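I opened this entry to record what I looked up, in the order I looked.

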Amino acid sequence: MNYQRFAMLPELLSLQRPISDPPEHDEMLFIIVHQVHELWFKAVLHELDRARELLMAGDEARAAATLKRVRSIVKVLVGQLDILETMTPVEFESFRDRLETASGFQSAQFRELEFALGIKRAAVLRTFPDPDEHGRLNRRLAEPSLWDAFLRFLVHKGYEVPERVLGRDPAGALKPDPEVQRVLVDAYRADPATVNLCELLVDLDEGFQEWRYRHLKMTERTIGNKRGTGDSAGVAYLATTIKPAFPDLWEMRMEL
């Protein structure tokens with residue numbers, strides 16, 4: 001065993017293949033940043049699955065440590081957009097047509113990540129005909145999200161979370177719930193350890209919203225209000241996605 005074999009570097013470093021002919025200089029950067037994003041998405045999914053298991057088991061300390069790790073990864077994802085912003089609109093246009101129908105909207109892992117957090121829309125599955133991707137998304141749609149696991153954690157701590165909330169269809173979209181917010185208010189007033197966990201979830205939520213906002217501004221800076229790659233609505237669509245994954249943790253603050 002050596003470093004190259006352990007990290008599978010020959011295989012990894014052979015995957016950056018510009019399709020422009022002759023190759024446009026900036027296409028290599030574009031490929032690498034997106035591939036690295038997908039690697040970090042894989043790491044985030046791995047950690048979110050772990051965090052969910054720990055919350056379900058009531059393991060507060062290790063769940064908090066795992067959420068801190070995810071928060072750090074999200075900061076790296078946000079920082080990577082600085083690298084893409086070094087590419088001017090003209091440099092992107094030099095190879096943009098080669099992307100044809102390819103679009104970041106087609107990232108199955110990013111949709112898995114949304115589902116893992118609780119941002120669930122069954123209609124998304126229609127855009128993933130590949131059996132493996134469709135199967136992974138369908139599984140995450142049906143299973144409890146990180147927020148569902150957190151509610152179970154609150155029950156483990158002795159809080160009276162409404163049974164109708166605990167028994168909701170995990171494939172449904174999360175909606176603010178005043179009774180859950182009252183539970184959170186009680187925790188914030190008397191339970192510092194649970195507050196720490198809540199604030200880590202807020203950090204994570206805010207981090208993903210920051211990534212979405214930075215992605216929107218990067219897109220606007222690069223292509224303005226043109227249609228996005230894959231004929232998406234581009235900036236107009238991205239603006240609709242900047243909203244919290246855990247709305248109760250934001251709305252309850254009005255009651256503190």
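I took helices (H or I, at least four residues) and strands (E, at least two) as DSSP runs, numbered from the N terminus. The model is predicted, so I read local features only at pLDDT of at least 70 and side-chain atom pairs only at pLDDT 80 or more, while totals for chains, interfaces and linings use all residues. Residues are numbered from 1 along each chain as its sequence is written, and side-chain values use heavy atoms, with hydrogens and water left out.

**Overall fold**

I counted secondary structure and got 13 helices and zero strands. Along the sequence the pattern reads α-α-α-α-α-α-α-α-α-α-α-α-α. The radius of gyration is 20 Å, close to the 18 Å that the globule rule gives for 256 residues, so the protein is as compact as a globular protein of that length. I took that radius over C-alpha atoms, and the rule is 2.2 Å times the number of residues to the power 0.38. The C-alpha trace spans about 65 × 50 × 35 Å along its principal axes.

Next I checked burial. I used buried for under 20% relative accessible area, exposed for over 50%, and partly exposed in between (1.4 Å probe, protein chains only). Of the 256 residues, 46% are buried. The protein exposes about 13,800 Å², and carbon and sulfur atoms supply 56% of that. These areas come from the Shrake-Rupley method with a 1.4 Å probe; for residues, only the protein chains shown count as cover.

For contacts I required heavy atoms within 4.5 Å. Among contacts between residues at least 6 apart in sequence, 73% join residues at least 24 apart.

**Helix H8**

How many of the 11 residues of helix H8 are buried? Eight are, so this helix (residues 146–156) is largely enclosed by the rest of the structure. I listed them: Leu-146, Trp-147, Asp-148, Ala-149, Phe-150, Leu-151, Phe-153 and Leu-154. Just after H8, Gly-158 takes a positive phi of about 100 degrees.

**Backbone exceptions**

Most residues other than glycine have a negative phi, and most peptide bonds are trans. I looked for departures. Met-8 is not a glycine, yet its phi is positive, at about 50 degrees. Met-8 sits in the loop between helix H1 (3–6) and H2. Its relative accessible area is 48%, so Met-8 is partly exposed. The bond from Asp-21 to Pro-22 is cis, with omega near 0 degrees. Pro-22 belongs to the loop between helix H2 (9–12) and H3.

I went to Glu-85 next, in the loop between helix H4 (60–84) and helix H5 (89–96). Is Glu-85 buried or exposed? At 17% relative accessibility, it counts as buried. Which residues does Glu-85 touch, not counting those up to four places away in sequence? I found Arg-214, Lys-217, Met-218 and Arg-221.

Asp-26 lies in helix H3 (residues 25–56). It is buried too, at 15% relative accessibility. Beyond four places in sequence, Asp-26 touches Met-87, Glu-91 and Phe-95.

Glu-255 is in the segment after helix H13 (247–251). At 51% relative accessibility, Glu-255 counts as exposed. Leaving aside neighbours within four places in sequence, Glu-255 contacts Val-185 and Arg-189.

**Second largest pocket**

I worked on a 1 Å grid over the protein atoms alone: a pocket is an open set of points where a 1.4 Å probe fits, with protein on both sides within 12 Å along at least five of seven lines, and lining residues have an atom within 4 Å of a point. The second largest pocket holds about 290 Å³ of space. Grid points are joined across faces, edges and corners, and the volume is the space filled by probe spheres set on the points. The lining has 15 residues; Ile-119, Lys-120, Arg-121, Lys-243 and Pro-244 lie nearest the centre. I sorted the lining into seven nonpolar, three polar and five charged residues. Ala, Val, Leu, Ile, Met, Phe, Trp, Tyr, Cys and Pro counted as nonpolar, Asp, Glu, Lys and Arg as charged, and the others, Gly among them, as polar.
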